[in-house]
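I opened the model to look up its sheets, its ligand site, a salt bridge and a surface patch. My notes follow in the order I made them.

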Amino acid sequence: MIDKFTTDKTAELVIEGQKYSLPIIEGSEGEKAIDIRNLRQDTGYITLDKGYMNTGSCTSGITYLDGAKGILSYRGYSIEDLAENCSFVEVAYLLLHGHLPTDDEYQHFSYLLGRFALIHEDMIHFFDHFPPNAAPMAILSSMVNSLSNFYPEMTENPLEDIDIMATRLISKVRTIAAFTYKKSMGSPLVYPRHDLSYCANFLNMMFDSPVKPYAINDDVVRALNKILILHADHEQNCSTSTVRLVGSARVNLYASISAGISALWGPLHGGANQAVVEMLEDIYESDGDYQNYINRAKDPSDPFRLVGFGHRVYKSHDPRSRIIKAACDEVLDTLKVSDPLLDIAKELEEVTLNDEFFIERNLYPNVDFYSGIIYRAIGIPSNMFTVMFALGRLPGWIAQWKEMWDDPDWRIGRPRQIYIGPKRRPLTPKEERKKRESDT
Ligand code: CMC
């Protein structure tokens, strides 16, 4: 099978004395892969890679990351440049289209985001029937799946107008997120406004109230833009792979994204940002005694992990975490907020950077370590942190779903397995079964 990026090099594999030649694929930044698509057909063997530690599931032109060097870029632009110079809406456009928008493209994209901001009024009743302490990620995932019933036309030719499809979702998820918060507080809903930018609109829906109008602060809007940009894509992570896998069955975009939201909810993935702040709060309440947490994290008999540390791919540092840490200082300084959790977080980072256990295992703060402290400073409660991650990741999910949908080499995602259950055996008729089948 020939791929666009197949080189003239090959890998030689010898199985039981028989030699096989496998094509080598090379990406634009020099990443190399052995193409094993025909391996089973040619040899009868599959590759086994639990947790996909070393398995590429696709070729992609969206995000590049080098875990050894701590490099992350979207469509060729470094995350540092994008976070410093662009708005979240520009980055969303970049992820979807592969180039930064011109003025006209930006105006049109922003206009669509405004136009699609409302959700169907009937959907608002859904919020009333969740229990009062319902998890916001469960609400978000259900509501996004429900959008497929309210906007079924999207399922027919989803790529015909990607801007409409993407802006509808990006805009409505923002509204759903803010309404989820308002409902959880028992507060009146605040509707989106056409005159506000994407992030300002979100903050206004979250914090404006009929009795206390919200004053939009440009520094907060800037910080939110930055944090959403840092979360906007991260190649084939758990939730993105989920979106691609579910979408590969040719299900509609809403259902695919809803599945991605569920994957993101996990504490080892996006759910870590909430868990980090809860851990820092616990440390604060125990008079800042973080040593106990470090000891527990190092104890092989204790399943506890220091949340916000470690990453499957980054093995030197997570570039997003450095930007967020600096943004944390800026935001707290501008808002004149002093948060003892930031001091604890910095101490914890300092201690772990000099601890053999963490050094040997390449465990550094990840994107989730400092993000919660910014959210707290802005006034976002901890049970909404992972929703914020979802809001940021949405353009990436959509771009990856679109790329998968558009790929001429597309196949339904269907991993293989090695069966390790009982060998094929005869069924004992019911009346003869004296004891459990497994005992036989
Ligand atoms: N605290 C203590 N030890 C850890 C941690 C941690 N946070 N993370 C990994 N380790 C140890 C682990 O016990 C193992 O040690 P040993 O070799 O002695 O058995 C070694 O490091 C390798 O761990 P792993 O589980 O094989 O690594 P992984 O690549 O499968 O897992 C991870 C990556 C992110 C799930 C993991 O580092 C972790 O659980 N971190 C805490 C949760 C977290 O912060 N998640 C957010 C990830 S970044 C954003 C996102 O994806 O959403």
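This is a predicted model: local features need pLDDT of at least 70, side-chain atom pairs count only at pLDDT 80 or more; totals for chains, interfaces and linings use all residues.

Entry 1, ligand site.
I looked up which residues are closest to the ligand. I found 20 residues around the ligand, and the closest are His269, Arg305, Leu306, Gly308 and Arg312. For Asn366, a polar side-chain atom lies 3.0 Å from an oxygen atom of the ligand. For Gly308 the atom involved is a polar backbone atom, at 2.8 Å from a ligand oxygen. Gly270 also uses its backbone, with an N or O atom 3.3 Å from a ligand oxygen. Next I checked how much of the ligand the protein buries. The ligand taken alone exposes 940 Å², and the protein buries 73% of that.

I traced an open sheet of three strands in the order 1-2-3, with antiparallel pairing. Its edge strands are strand 1 (6–15) and strand 3 (32–34), each of which pairs on one side only. From one strand to the next, the twist averages 30°. I then followed the pairing of strand 1 with strand 2 (residues 18–26), which is antiparallel and runs over seven bridges. I wrote down two of the partners. Leu13 has Tyr20 of strand 2 as its bridge partner, and Ala11 stands opposite Leu22, also in strand 2. Two residues lie between strand 1 and strand 2 in their hairpin, where Glu16 takes a positive phi near 45°.

I took the pairs in turn. Strand 4 (residues 63–66) pairs with strand 5 (residues 71–74) over four bridges in the antiparallel sense. Here Asp66 stands opposite Ile71, and Leu65 stands opposite Leu72. The hairpin of strand 4 and strand 5 has four residues between the strands, and Gly70 has a positive phi near 70°.
Strand 5 is joined to strand 6 (residues 77–78) by two bridges, again antiparallel. Ser73 stands opposite Ser78 in strand 6. The hairpin of strand 5 and strand 6 has two residues between the strands, and Arg75 in the turn has a positive phi of about 50°.

I searched the whole structure for salt bridges and got 17. I looked at one of them, between Asp128 and Lys183, whose closest N and O atoms are 2.7 Å apart. Which parts does this pair tie together? Asp128 belongs to helix 5 (residues 121–128) and Lys183 to helix 7 (residues 162–185), so the pair ties together parts that are 55 residues apart in sequence.

I asked which residues make the nonpolar surface patch of about 370 Å². The patch consists of Leu48, Ile418 and Ile420. I placed Ile418 in the segment after helix 18 (385–406).

Technical notes. Residues are numbered from 1 along each chain as its sequence is written. Side-chain values use heavy atoms; hydrogens and water are left out. Patches are made of residues with over 30% relative accessible area and no salt bridge: like charges are joined within 9 Å, nonpolar side chains (Val, Leu, Ile, Met, Phe, Trp, Tyr) within 5 Å. Accessible areas come from the Shrake-Rupley method with a 1.4 Å probe; for residues, only the protein chains shown count as cover. A salt bridge is a side-chain nitrogen of Lys or Arg within 4 Å of a carboxyl oxygen of Asp or Glu. Two strands pair if DSSP finds at least two bridges between them. Axes are lines fitted to C-alpha atoms, for helices over the stretch in contact, and angles run from 0 to 180 degrees between N-to-C directions. A residue is near a molecule or strand if one of its heavy atoms lies within 4 Å of it. A polar contact is a pair of N or O atoms within 3.5 Å; within protein, one must be able to donate a hydrogen and the other to accept it, and residues adjacent in sequence count only if both atoms are side-chain atoms.
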